[in-house]
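Subject: Handover of a structure for your study

Dear colleague,

Please find below a structure that I am handing over to you.

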Amino acid sequence: MKNGTSGPRRIGNWPPRSLLGSLEPATRELMLRLGTATQFGANESLLREGDPTSRHVLLLIEACVKVVSNTADGHTVLLAIRTDGDLVGELASLDGRPRLASVIAVKPSVVRRVGQAEFLDFLDHHPTVSRAVQRVVTAKLRNSTWHRIEYGSTPAPLRLARVLVLLAAQHGERVREGIEIRLALTQPDLAALAGAREPTVHKELRALRHKGVVETGYRRILIRDPAALHAIAGIAEIPPEYGVWSAPRPQGEGE
């Protein structure tokens, strides 16, 4: 971990479903001035589950992190993936209780580390940001509830299809061939997110490739036929907070 007093502040496009992407430019710029820039290496821990004293939050600037938790029998469960523009660690800052999960960098990541007092004071003086943080917390709660319902009521192949739909909506970028999920996810990661065994995920991905629905490579997933994947998953519509990020169209590219 490396700390800095200011560090780079990204100016470009933010995923609209992220906290920073949901803010007006002037307000976002103010928020990007909070705290200090901090860099983490791949596989480095940003936050630790159960930490009773850590109360700061992290704004992800150029980052990809895993949110994980340890079960009573010693297994590690992957709860979520967070990327650019997202906020992590807000629950401990808001309620003052120990961390519920650990956050680990998937790749070298740049964040802004904001202390609890500075974060809460900023929310007090910027109601629009406070409401945006409330929406973030609510969306995470809805997603968590959805996962619990899915694990108890649907077969593993259907859960995998639905996880792919949500990953495409939350972290996908539109390209000519479809929607590319630009996350460094392994098959064990997908299995953990879907609550399925790794051999099952391997089998179902092979079936989806055979149908022309997805294309996979080393830590890369391309949804070639989003409509077909939605049909397989039985999901007709994604809630607005999961809106797909449409990347800026390259200059000179037509419709």
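The notes below treat confidence first, then the sheets, and then the helices.

This is a predicted model, in which local features need pLDDT of at least 70 and side-chain atom pairs count only at pLDDT 80 or more, while totals for chains, interfaces and linings use all residues. Residues are numbered from 1 along each chain as its sequence is written, and side-chain values use heavy atoms, with hydrogens and water left out.

**Confidence**

The predictor's confidence in each residue is given as pLDDT, on a scale from 0 to 100. Its mean over the chain is 84, and 85% of the residues reach 70 or more. Helices (H or I, at least four residues) and strands (E, at least two) are DSSP runs, numbered from the N terminus.

Two stretches call for caution. Over residues 5-11 pLDDT stays under 50, and the model has 18 contacts (heavy atoms within 4.5 Å) beyond four places in sequence for them. Over residues 240-255 pLDDT also stays under 50, with 29 such contacts. Where pLDDT is low, the predicted coordinates should not be read in detail.

**The sheets**

Strands of a sheet pair through backbone hydrogen bonds, either parallel or antiparallel. Here two strands are said to pair if DSSP finds at least two bridges between them.

E11 (residues 178-181) is joined to E13 (residues 220-223) by three bridges, and Ile-181 has Ile-221 as its bridge partner in E13. E12 (residues 214-217) is joined to E13 by four bridges; Glu-215 is partnered with Leu-222, and Gly-217 with Arg-220. E12 and E13 form a hairpin with two residues between them, and Arg-219 in the turn has a positive phi of about 50°.

A further open sheet of four strands has the order E3-E8-E5-E6, again with antiparallel pairing. E3 (45-47) and E6 (76-83) each have a single partner strand, so one side of each is left without a neighbour in the sheet. The twist averages 30° from one strand to the next. Four bridges join E5 (residues 64-70) to E8 (residues 102-105), where Lys-66 is partnered with Ile-104.

**The helices**

Axes are lines fitted to C-alpha atoms, for helices over the stretch in contact, and angles run from 0 to 180 degrees between N-to-C directions. The axes of H5 (residues 156-171) and H6 come within 9 Å and cross at roughly 105°. H5 is therefore roughly perpendicular to H6 (angles under 35 degrees count as roughly parallel, over 145 as roughly antiparallel, 65 to 115 as roughly perpendicular and the rest as oblique). In this contact, Arg-159, Leu-160, Val-163, Leu-164 and Leu-167 of H5 meet Leu-190, Leu-193 and Ala-194 of H6.

H6 (residues 187-194) also packs against H7 (residues 198-210), at an angle of about 105° and with the axes 9 Å apart. Finally, H6 lies across E5 and E6, running at about 100° to E6.

Yours sincerely
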